[in-house]
Structures are given as C-alpha cells and as structure tokens.
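Here are my notes for a first look, as numbered points you can follow with the model open. Start anywhere you like and skip back as needed.

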Amino acid sequence: MADYSWHRVCRADESEEEDVIGITVDGAVYAVYRLKDGFYATEGLCTHEQSPLASGYVSGDVIECAKHNARYHIPTGKAMRRPALRDLATYPVKREGDDLLIGLPRAGGATAP
C-alpha cells in the first residue's frame, strides 16, 4: 500500500456535484472532482497539450478538456477520446470533518496509472 502525504483541497461543501477544483501542490497540478457517488482526484493537466482540467466540463463521471475536447473517465483516469494521449494518474481523496484532502505519494511511492 502506498504511503501518502495528505493535502487540503477545500471544505467539502465548497464544491457541487459534477464540479472540478484545480489545486497546485509543490508545482504539480491536480484536479479534484465531486461526483454523484463521491470525490475523486486525477492529475490536473490534459495529456494532450497540458491544458488545466479544472477549466473543463464534467458530465456524469467524465471530464472533457476545454481546449480540444479530450475526455477521461474520472474514477479510473482512462482516456476515452482523442486527442488524449494517455490515461491520467488518479489519487485517493478523503474527507476529514469538513475538509477534503488529496493523497499524494511520498517520495519513492507509486501512483495509479
């Protein structure tokens, strides 16, 4: 099991269903989503031209990049439509009290695809 460093994203009630929030941790960009069945996180830049996914459109469990309409399945990070070049890495999200946190692997840890 990976060893995670947990980082606060926002208060859980600050996001609505089918919402995406972009955050930067140590210079890396991540996207945190609120879907009907819970919270999810992926790397935050489209794999095509590095456009921020936080400016994209969430529909159901899919994020569509605002720049060239690449689509990804949020829970798995799976690339669903070109011009996506590869799947997104995914990260755990947990709620502690009112806060939402994203788990990022510590140095030497592995990430999901």
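1. A term to begin with: a residue is buried under 20% relative accessible area, exposed over 50% and partly exposed in between, using a 1.4 Å probe and protein chains only. By that scale Gln50 is partly exposed, with a relative accessible area of 46%. Gln50 also has a positive phi of about 60°, although it is not a glycine, and its place is the loop between β4 and β5 (57-59).

2. Some housekeeping. This is a predicted model, where local features need pLDDT of at least 70 and side-chain atom pairs count only at pLDDT 80 or more, while totals for chains, interfaces and linings use all residues. Residues are numbered from 1 along each chain as its sequence is written, and side-chain values use heavy atoms, with hydrogens and water left out.

3. Two more spots to check in the backbone. Most residues other than glycine have a negative phi, and most peptide bonds are trans. Asp26 is not a glycine, yet has a positive phi of about 50°; look for Asp26 in the loop between β2 and β3, where the residue is exposed at 79% relative accessible area. Then go to Arg82 and Pro83, which are joined by a cis peptide bond with omega about 20°. Pro83 sits in the loop between β8 (79-81) and β9.

4. Now the sheet. Strands here are DSSP runs (E, at least two residues), numbered from the N terminus, and two of them pair if DSSP finds at least two bridges between them. An open sheet is built from 4 strands in the order β2-β3-β4-β9, with antiparallel pairing. Since β2 (19-25) and β9 (90-91) each have a single partner strand, they stand at the edges, so one side of each is left without a neighbour in the sheet. The partner of β9 is β4 (residues 38-43), joined to it in the antiparallel sense over 2 bridges. Across that pairing, Ala41 stands opposite Tyr91.

5. Which rings pair up? Rings of Phe, Tyr and Trp (its six-membered ring) pair if their centres lie within 6.5 Å; planes under 30 degrees apart count as stacked, over 60 as edge-to-face and the rest as tilted. There are 2 aromatic pairs by this rule. Tyr4 and Trp6 have ring centres 5.9 Å apart and planes at 55°, so their pair is tilted. Tyr4 is partly exposed at 23% relative accessible area, and Trp6 is partly exposed at 31%. Tyr30 and Tyr91 make an edge-to-face pair, 5.3 Å centre to centre with 90° between the planes. That pair links distant parts of the chain, with Tyr30 in β3 (residues 28-35) and Tyr91 in β9, 61 residues apart. Both Tyr30 and Tyr91 are buried.

6. Back to Trp6 for a moment. A charge sits over a ring if NZ of Lys or CZ of Arg is within 6 Å of the ring centre and within 35 degrees of the ring normal. Lys94 does this for Trp6, lying over its face at 4.3 Å from the ring centre.

7. On to the interior. A nonpolar core is a set of buried Ala, Val, Leu, Ile, Met, Phe, Trp, Tyr and Cys residues joined through side-chain atoms within 4.5 Å. The largest has 15 residues, and those with the most contacts inside it include Tyr33, Leu53 and Ile74. Strand β3 gives this core its largest share, 3 residues. A second, separate core of 14 residues includes Ala12, Ala41, Tyr91 and Leu100.

8. Last, the charges. A salt bridge is a side-chain nitrogen of Lys or Arg within 4 Å of a carboxyl oxygen of Asp or Glu, and the structure holds 9 of them. Arg106 and Asp3 form one at 3.1 Å, N to O, linking the segment after β11 (99-105) to the segment before β1 (4-11), 103 residues apart. Another joins Arg86 and Glu43 at 3.0 Å, N to O; Arg86 is in the loop between β8 and β9, Glu43 in strand β4. Here Glu43 is buried, at 16% relative accessible area, whereas Arg86 counts as partly exposed at 42%.
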